[in-house]
Amino acid sequence: MKDTFVTIARYQYSSEAQIIKGRLEADGIEVFLRDNITIDTDPLVSQAIGGVKLKVLAKDEKVAREILESIKSYSLDDDGNLVKCPNCHTKQVGLYSTISDFKSLISFIIGFVSGTLPFTARYQYKCEACETSFPVK
Ligand SMILES: [Zn+2]
């Protein structure tokens, strides 16, 4: 049974899944993506088939979930590195989007109401240490 695969996360875009895959592989965890080819061919299909599934071996599940847990609230750049705050240089930076899902919609509304997020920006980084907001490059 130890060679069974477990789906530990789903992503709407395969680029997102690839970044997480790279992060897990850096820790020696074997990662398999499911349906990423289909979604790259037609991104509109992603929603319908439940996104790109990120799978690991059952024996790696616990460690993999811990890693996901530790990185999910902070943003990664295109190379899979944590985004650094330009002000205080910590890496506790969250990505806020206006429209991708309900949670980010709420972040957007809170950001808009509190004046920390320009309503023209679809995506914005915000440092959780010093609360500096800065645009996505
Ligand atoms: Zn900061």
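Mentor: Three strands make up an open sheet in the order β1-β3-β2, and the pairing is antiparallel. Strands here are DSSP runs of E with at least two residues, helices are runs of H or I with at least four, and both are numbered from the N terminus; two strands pair if DSSP finds at least two bridges between them. Since β1 and β2 stand at the edges with a single partner strand each, one side of each is left without a neighbour in the sheet. On average, neighbouring strands of this sheet are turned by 30° against each other, direction ignored; the axes behind that are lines fitted to C-alpha atoms, for helices over the stretch in contact, and angles run from 0 to 180 degrees between N-to-C directions.

Before going further, keep in mind that this is a predicted model: local features need pLDDT of at least 70, side-chain atom pairs count only at pLDDT 80 or more, and totals for chains, interfaces and linings use all residues. Residue numbers start from 1 along each chain as its sequence is written.

Now the pairings. β1 (residues 5-11) and β3 (residues 52-57) run antiparallel and are joined by six bridges, with phenylalanine 5 standing opposite leucine 57 in β3. On β3's pairing with β2 (residues 31-34), again antiparallel, there are four bridges. Leucine 33 has leucine 54 as its bridge partner in β3, and phenylalanine 32 has lysine 55.

Leucine 54 also turns up in the largest nonpolar core, which has nine residues: Ile8, Tyr11, Ala17, Ile20, Leu24, Val52, Leu54, Val56 and Ala64. At least two residues of this core come from each of β1, α1 (14-26) and β3. By a nonpolar core I mean a set of buried Ala, Val, Leu, Ile, Met, Phe, Trp, Tyr and Cys residues joined through C-beta atoms within 7 Å. Buried means 20 or more other C-beta atoms within 10 Å of a residue's own, exposed means 12 or fewer, and partly exposed is in between, with C-beta atoms placed from the backbone.

As for α1, its 13 residues reach 18 Å from first C-alpha to last, close to the 18 Å expected at 1.5 Å a residue; the expected span is 1.5 Å times one less than the number of residues. Its buried residues are Ser14, Ala17, Ile20, Lys21, Arg23 and Leu24. An α-helix has 3.6 residues a turn, so residues three or four places apart point the same way. Setting aside neighbours within four places in sequence, leucine 24 is in contact with Ile29, Val31, Val56, Ala64 and Ile67, where contact means C-beta atoms, placed from the backbone, within 7 Å. After α1 comes glycine 28, with a positive phi near 80°.

How far to trust it? pLDDT is the predictor's confidence in each residue, from 0 to 100. Within the chain, β3 has the highest confidence, at 90, and helix α3 (residues 45-49) the lowest, at a mean of 62. The chain averages 75, and 63% of the residues score at least 70. Where pLDDT is low, the predicted coordinates should not be read in detail.

Note on methods:
Two residues are in contact if their C-beta atoms, placed from the backbone, lie within 7 Å.
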